[in-house]
Amino acid sequence: MAFGWRCTGVAWPGDVPQLGWSKGAERRVSTLAYGAGLGFRAVGERHCVGARGNVCPLGAVVSARSTGARCPECARLDRAHSVAADTLLDDPRTYRVYLAWFGPGLVKVGITREERGAARLREQGAVVFSWLGRGPLMAARRTEEVLRAALGVPDRIPYARKRAVRGQLPGERERFGEVGELYGRAAELEGRGWPESLERLPLDVVDHGGIFGLDRARRATRSVRELVDGGLVEGELVAAAGPDLHLAMKRGGGVVVLDTRLITGWELAAVEPVAANDVRVPLIDIGGGGVQGGLF
C-alpha cells in the first residue's frame, strides 16, 4: 500500500521542536520556528503507524481520535517492549528519576534513561522540572512507587489537564517553589523506603516556559478534536509544549492547540495560504467546554 508523506510526530532533541516525516523508507525532519506559518490538509484515511519501527502488516485503519494511531495488535507489540510495561527488568542502563511540574498542583514523578537527558521532559510538556535521583531501572521504579504511596505524587497527568492550566501559569518563583517543596519532602524519605542503589541528585530546577514560548503567547481556548479527509489546519506557530502546537488563527485572532499525536498516521498534503478559514476540522473548547461540531 503506497502512501505519501506521513507525520511521525513532534520530537524535542534539543530546545527547538521538530516534526518527523516518513514515506516508505524515507525519513525527513522539519525544524519548527515560532512566528512561522504551518498548514496542511489531511488526505484519505488514517492508518496504523506500526510498532518498534516496523510497518503495520495489516495497513489497518485506526480511529481519528486515537492519540496512539496503532491497531490493537501493533499497540500490544509496542507496549510489550516498553519500559512502562516493566518487561525490561534486566536493562543495564542508568535511569533518572524526575519531578515534573505542568501547572499549579500538577506535579508528577517519572523516570527516563539518563542518556536521553531532558528530552523526555520536553516531550511531555513539563514546564518546570528537577532531577531527583539516578540508578538502576528497578531502583528508579521503586522510587516512583515510594513517592506515590508516601507523598501521593502521581506518575501520570492527562494532557487535557495540562492544556487547561497552560494559559494561566504563575510566575517563575511559584513554579520553582512547588517543585522545590516536593523535592524536600522526597529527600526526607532517604532511609525510609528510598532504594539504597538510587543516588540522590541535588535540586536543580529547570524552566521550559521560554523554549516552549508559553510566557509570550496568547492563551489557547480551543483544541483540534480530530482530523477528517480534506480537513485543513493552518496558522502561525506561537508556542509548543510536548506534542502540542499552539497555532494563532487569522480569523478571529484566537489560538488553537493541535495535538500532533492526532496527525500521525494521516497522509498530509501542503496547502496554499487560505485567507478566510484557518481551521476546517472539528474543535473542542479547552477546559471542559462544549464541543464545536462540524467543519470550520
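This document is a guided tour of the structure, moving from the whole chain to single residues.

**Before starting**

The model is predicted: local features need pLDDT of at least 70, side-chain atom pairs count only at pLDDT 80 or more, and totals for chains, interfaces and linings use all residues. Residues are numbered from 1 along each chain as its sequence is written, and side-chain values use heavy atoms, with hydrogens and water left out.

**The whole chain**

Select the protein chain and colour it by secondary structure. The chain has six helices and 16 strands; helices (H or I, at least four residues) and strands (E, at least two) are DSSP runs, numbered from the N terminus. Of its 296 residues, 47% count as buried. Here buried means under 20% relative accessible area, exposed means over 50%, and partly exposed lies in between, with a 1.4 Å probe and protein chains only. Among contacts (heavy atoms within 4.5 Å) between residues at least 6 apart in sequence, 67% join residues at least 24 apart.

**The nonpolar cores**

Next, select Phe40, Leu132, Leu147, Leu227 and Leu268. These five touch the most other members of the largest nonpolar core, which holds 57 residues. A nonpolar core is a set of buried Ala, Val, Leu, Ile, Met, Phe, Trp, Tyr and Cys residues joined through side-chain atoms within 4.5 Å. Helix α3 (residues 137–151) gives the most to this core, with six residues.

Centre the view on leucine 227. Leaving aside neighbours within four places in sequence, leucine 227 is in contact with Phe40, Ala42, Ala64, Val233, Leu262, Ile263, Trp266, Leu268 and Val281. A second, separate core of twelve residues can be found through Leu106, Leu121, Trp131 and Leu201, which are among its members.

**Helix α4 and its surroundings**

Select helix α4 and show its side chains. The buried residues of α4 are Tyr159, Lys162, Arg163, Val165 and Arg166. They pack against β5 (95–103), β6 (106–113), α2 (119–124), β11, β12 and β13 (255–259).

Arginine 166, in helix α4, is buried, with a relative accessible area of 6%. Leaving aside neighbours within four places in sequence, arginine 166 is in contact with Leu214, Ala241, Asp244 and His246. For a distance check, pick the C-alpha atoms of arginine 166 and valine 127: they are separated by 8.8 Å, while the two residues stand 39 residues apart along the chain.

**Salt bridges**

A salt bridge is a side-chain nitrogen of Lys or Arg within 4 Å of a carboxyl oxygen of Asp or Glu. By this rule the count comes to 23 salt bridges.

Remain at helix α4 and select arginine 163 with aspartate 244. Their side chains meet in a salt bridge, with an N to O distance of 2.7 Å. Aspartate 244 lies in strand β12 (residues 244–248) and arginine 163 in helix α4 (residues 159–166), so the pair ties together parts that are 81 residues apart in sequence. Both aspartate 244 and arginine 163 are buried.

Move to glutamate 226 and arginine 65, whose side chains form a salt bridge at 2.9 Å, N to O. Glutamate 226 is in the loop between β10 (222–224) and β11 (232–241), and arginine 65 is in the loop between β4 (37–43) and α1 (72–80), 161 residues apart. Glutamate 226 counts as buried at 12% relative accessibility, whereas arginine 65 is partly exposed at 48%.

A further pair is arginine 185 and glutamate 181, with a salt bridge of 3.9 Å, N to O. Both lie in helix α5 (residues 172–187), four residues apart, about one turn of the helix. An α-helix has 3.6 residues a turn, so residues three or four places apart point the same way. Arginine 185 is partly exposed at 32% relative accessibility, and glutamate 181 is partly exposed at 45%.

Finally, select alanine 69, in the loop between β4 and α1. Its phi is near 55°, a positive value in a residue other than glycine. At 0% relative accessibility, alanine 69 counts as buried.
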